[in-house]
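Subject: Structure for your review

Dear colleague,

Please find below the structure that I am handing over to you. My findings follow it, arranged by topic.

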Amino acid sequence: MAEHDLTKTIIPYLDRHLAFPLLAHLVETQLFPVEQVQAAQYELAKGTNMVDYAVSLFKQLYPDQEIPEEFSRKRERAVSTNERLQQEAQAVLDVIENPDVAQALRQDKNQNLTFLRDNYNVTLEQINALYNFGQFQYTYGNYSGAADYLYHFRVLSTDNELNTSAHWGKLASDILTGKWDTALEELNTLRDVVDSRSPSSLLTTPTEPAALAQLHSRTWLVHWSLFVYFNHPQGRTLLLETFLSPTYLNTIQTSCPWILRYLTAAAILSRKSAAGGSNASSRVRYSIREIVKVIQMEEYQYQDPVTSFLKELYVEFDFEAAQRQLTLAERVVTDDFFLGEFREDFLDNARYLISEAYCRIHQRIDIGDLSERLNLSRDEGEKWIVNLIRETRMGAEAKIDLEKNVIEIHRTALPVYQTVIEKTRGLAFRTQAIGAGMLHSQQAVQSQSQPSVVDGAR
């Protein structure tokens, strides 16, 4: 379903190297003409130092044409530049790979710089050469090497602006090499850096206000984090924890409402485990309730079959419409780069939501009717419902009468005090979050109104 594909929407918020996997996925799904996708890949590849990859794309696009000479010249320049930068960085690499030096380094970077300068004649320019070499390795397609060099640079450098740039490069390298545990650590560190709101930590221009620059940085971070959250084993739960926090939910609503697809999908994927286990946080357990409210508010900006499924189910209570939207959502999820491998889990959890909602408002349910609403045959539906009742807490309330082919629901009324607890759950947390946000805003205003010691010295 090309009309619901988000690739063209997401790519502007990615580094060009992170865009290559999305375009390769489009070639596989064939949502768009292959020639158009290959042309986009070629245009991106020309801006990198991956000359051989660009040449292979050129041959696919123009099989009858000779390879331009510019590729040969670019390859020669890339090789010579790589050799030069490696020589410049080698002096620092030789020092920091020495076991004695590694043991002597401390947390204080200034102390480390003094130690390296006095004992090994290492200068700031040589340390910056690590950054330049790591950055070039990234453009060269050597993501593993880039991650190592940028990491070593960050350990030694006191340049906040270059350190932030190295953070982004290290995160992209970890994503492209599939090191998801390391990428998650890097993502959390970078999120702390961006949330600190220091000017050197933001993707900003000299004329851009700090608050707007922080919004832009968070928007980029939200898009990059999709790679991590949909590949790490605990990623869906972590996505809900992050994206439903007031700061990032506001970012999504303001700058990138299409991320609601992934927020909704993560909530659906986590629903069954959250309902059946006690380890999930309250935010995860009640995520669908919050997301449905956001979907209603942002419907004027963005909607697709995935978000519409929840709306029809929990706002309109239209089970037939929810069934139609689930059929469309299945195709959307299958074609989506981030969600494709979760298709079966998505359908299973979506059917659980339909069953849960349907059983909540009925006491006597025909199995054939419920199977139809789940897009399953009668036999498949019966097996699925039996497994659902066996595996979830519905087993305490639901009984199956196979002779009449119905499910009978017997609910015990909640005590009044329990009802009050359910209604007020989360109120204290939200009050605390609002208070913390007001305090943070007040401190930010005060810090901006008072010149820092460094500014005064200048």
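A salt bridge is here a side-chain nitrogen of Lys or Arg within 4 Å of a carboxyl oxygen of Asp or Glu. This is a predicted model, in which local features need pLDDT of at least 70 and side-chain atom pairs count only at pLDDT 80 or more, while totals for chains, interfaces and linings use all residues. Residues are numbered from 1 along each chain as its sequence is written, and side-chain values use heavy atoms, with hydrogens and water left out.

Overall composition

The chain contains 25 helices and three strands; these are DSSP runs numbered from the N terminus (helices: H or I, at least four residues; strands: E, at least two). Of its 458 residues, 45% count as buried. Among contacts (heavy atoms within 4.5 Å) between residues at least 6 apart in sequence, 61% join residues at least 24 apart.

Salt bridges

The structure holds 13 salt bridges. In one of them, the side chains of Asp195 and Arg218 meet with an N to O distance of 3.0 Å. Asp195 belongs to helix H11 (residues 180–195) and Arg218 to helix H12 (residues 210–229), so this pair ties together parts that are 23 residues apart in sequence. Asp195 counts as partly exposed, at 24% relative accessibility, whereas Arg218 is buried, with a relative accessible area of 12%.

A salt bridge also joins Asp336 to Arg261, with the closest N and O atoms 3.0 Å apart. This pair links distant parts of the chain, 75 residues apart: Asp336 is in the loop between helix H19 (319–335) and H20, and Arg261 is in helix H15 (residues 260–276). Both Asp336 and Arg261 are buried.

Arg343 and Glu330 form a further salt bridge through their side chains (2.3 Å, N to O). Since Arg343 lies in helix H20 and Glu330 in helix H19, the pair ties together parts that are 13 residues apart in sequence. Arg343 is partly exposed at 26% relative accessibility, and Glu330 is partly exposed with a relative accessible area of 23%.

Helix packing

For the helix pairs, axes are lines fitted to C-alpha atoms, for helices over the stretch in contact, and angles run from 0 to 180 degrees between N-to-C directions. Angles under 35 degrees count as roughly parallel, over 145 as roughly antiparallel, 65 to 115 as roughly perpendicular, and the rest as oblique.

Helix H18 (residues 305–314) packs with helix H20 (residues 343–360) at an angle of about 15°, their axes being 10 Å apart. That angle makes H18 roughly parallel to H20. Val306, Phe309, Leu310, Leu313 and Tyr314 of H18 meet Phe346, Ala350, Leu353, Ile354, Glu356 and Ala357 of H20 in this contact. By class, the contact of H18 with H20 has ten nonpolar, no polar and one charged residues; Ala, Val, Leu, Ile, Met, Phe, Trp, Tyr, Cys and Pro count as nonpolar, Asp, Glu, Lys and Arg as charged, and the others, Gly among them, as polar.

The axes of H12 and helix H13 (residues 235–243) come within 9 Å and cross at roughly 155°, which makes H12 roughly antiparallel to H13. On the H12 side the contact is made by Val222, Ser225, Leu226 and Tyr229, and on the H13 side by Gly235, Arg236, Leu238, Leu239, Thr242 and Phe243. The contact of H12 with H13 has six nonpolar, three polar and one charged residues.

Backbone

Most residues other than glycine have a negative phi. Gln30, although not a glycine, has a positive phi of about 60°. Gln30 is placed in the loop between helix H2 (16–29) and helix H3 (34–46), and is exposed, with a relative accessible area of 59%. Phe317 also has a positive phi, near 50°, and is found in the loop between H18 and H19.

Yours sincerely

Methods: Buried means under 20% relative accessible area, exposed over 50%, partly exposed in between (1.4 Å probe, protein chains only).
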